[in-house]
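Here is a friendly briefing to read with the sequence and the 3D view side by side. Take a moment to get your bearings, and then follow the topics in order.

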Amino acid sequence: MRALVIDDSRAMRRIVSGTLEKLGFEVEQAGDGREGLDALERGYIPDLVTVDWNMPVMDGLQFVSAVRSNPGYRSMTIMMVTSESEHTQIVRALAAGAHEYVIKPFTADALRDKLALLGLLPQEVSL
Amino acid sequence: MTTTEMGRRSSDRRPVITELIDEPTIQSIAEDAWTALVGEDEILVPLPGELPGDVVSSWVDVVGPWTGTVVLTTGRETAAGLTRALLGEHAPAELEDEDIVDAFGEIANVVGGNVKAALPGPSALSLPDVGDAPAVRNPADLCRVDVLWRGEPLSISVQGALPALPVH
């Protein structure tokens with residue numbers, strides 16, 4: 001499976017990418033929503049996108065809206081991974097088309113469990 | 001008192017941070033961030049320590065019913081240690097300033113985001129910044145927690161962005 005990790009923090013990109021790689025994903029990274037869209041337009045169509053909310057240039061919500069407006073990207077599962085933890089923000093993200101929402105800070109196990117719920121990996125996979 | 005005066009006094013009333021959040025809540029938010037980001041065995045000891053002369057701060061702004069800044073301050077060496085701990089096996093052999101700015105800023109982002117969630121909303125959160133801490137504008141609008149991480153001092157301040165209102 002392939003994943004695209006979008007976060008303006010290099011540290012967070014490394015952490016999320018490292019966890020996904022341990023779970024068997026092939027991972028590409030992007031530093032904001034615009035770079036994420038660029039990766040998609042270059043033909044890198046992942047099974048999973050993890051995307052931060054607060055980023056320069058194009059934020060996570062704008063990215064989700066842009067992806068959902070393109071029927072060619074319908075197969076991708078989008079997970080918001082963000083420190084925005086207010087209920088209203090979660091509702092906005094899900095309404096825009098995100099499938100799942102993970103609040104920072106999170107553990108690797110929590111991320112794995114969310115992916116298992118989404119059917120993106122067998123539940124017995126351990127980290 | 002005229003209606004205008006009454007209206008002004010009513011609208012001038014704004015909460016200070018100590019009415020909205022307390023030190024144990026900030027401590028708990030920081031502990032959760034440390035456990036998840038820095039390491040499961042990493043603890044924050046709620047004891048004050050003397051910050052060294054060479055410090056660095058990271059912060060995010062919260063703009064909403066309460067407007068202010070969540071600031072983390074520690075020694076530069078400790079910030080570098082935090083960066084290494086956060087990156088773990090992904091840490092480069094030689095840390096660059098950019099790595100520290102990025103990682104220490106992300107910790108402020110996570111702590112600040114969860115502080116924001118504990119405050120009345122809706123509020124907006126800024127992107128993190130790193131450098132010299134913003135000045136405390138109103139000492140009464142400040143909630144500060146001092147902790148030790150691996151024996152090194154670190155402070156977490158939630159401080160209002162607005163100066164104190166004049167006393168009528």
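Two strands count as paired if DSSP finds at least two bridges between them. Helices (H or I, at least four residues) and strands (E, at least two) are DSSP runs, numbered from the N terminus. This is a predicted model, in which local features need pLDDT of at least 70 and side-chain atom pairs count only at pLDDT 80 or more, while totals for chains, interfaces and linings use all residues. Residues are numbered from 1 along each chain as its sequence is written, and chains are lettered from A and ligands numbered from 1 in the order in which they are written.

**The sheet of chain A**

- Chain A has an open sheet of five strands in the order β2-β1-β3-β4-β5, with parallel pairing.
- The edges are taken by β2 (26-30) and β5 (100-103) of chain A, each with a single partner strand, so one side of each has no neighbour in the sheet.
- From one strand to the next, the twist averages 20°.

**Strand by strand in chain A**

- β1 (residues 2-6) of chain A pairs in the parallel sense with β3 (residues 48-51) of chain A over four bridges, and here Val5(A) stands opposite Thr50(A) in β3(A).
- β1(A) is also joined to β2(A) by five bridges, again running parallel; Val5(A) has Gln29(A) as its bridge partner in β2(A).
- The chain gets from β1(A) to β2(A) through α1(A) in a right-handed β-α-β crossover. Right-handed describes a path from the first strand over the helix to the second that runs clockwise, with the strands pointing away from the viewer.
- β3(A) and β4(A) run parallel and are joined by four bridges, with Val49(A) partnered by Ile78(A) in β4(A).
- A right-handed β-α-β unit is made by β3(A), helix α3 (residues 60-68) of chain A and β4(A).
- β4(A) pairs with β5(A) in the parallel sense over four bridges, and the bridge partner of Thr82(A) in β5(A) is Ile103(A).
- Between β4(A) and β5(A) the chain crosses through helix α4 (residues 87-96) of chain A, and this β-α-β crossover is right-handed.

**How enclosed is strand β4 of chain A?**

- Five of the six residues of β4 (residues 77-82) of chain A are buried, so this strand is largely enclosed by the rest of the structure.
- A residue is buried if 20 or more other C-beta atoms, placed from the backbone, lie within 10 Å of its own.

**Chain B at a glance**

- Chain B has four helices and seven strands, which run α-α-β-β-β-α-α-β-β-β-β from the N terminus on.
- Of the 168 residues in chain B, 36% are buried.
- Contacts in chain B between residues at least 6 apart in sequence join residues at least 24 apart in 69% of cases. Two residues are in contact if their C-beta atoms, placed from the backbone, lie within 7 Å.

**Where chain A meets chain B**

- 18 residues of chain A are in contact with 19 residues of chain B.
- Helix α1 (residues 10-22) of chain A gives the largest share of the chain A side, six residues.
- α1(A) packs against helix α4 (residues 97-118) of chain B at an angle of about 80°, with their axes 7 Å apart. The two helices are therefore roughly perpendicular to each other, a term for angles of 65 to 115 degrees.
- Arg10(A), Ala11(A) and Met12(A) in α1(A) meet Asp102(B), Ala103(B) and Glu106(B) in α4(B).

Terms used: Buried ≥ 20, exposed ≤ 12 C-beta atoms within 10 Å, placed from the backbone. Axes fitted to C-alpha atoms, helices over the stretch in contact; angles between N-to-C directions. Parallel < 35°, antiparallel > 145°, perpendicular 65-115°, else oblique.
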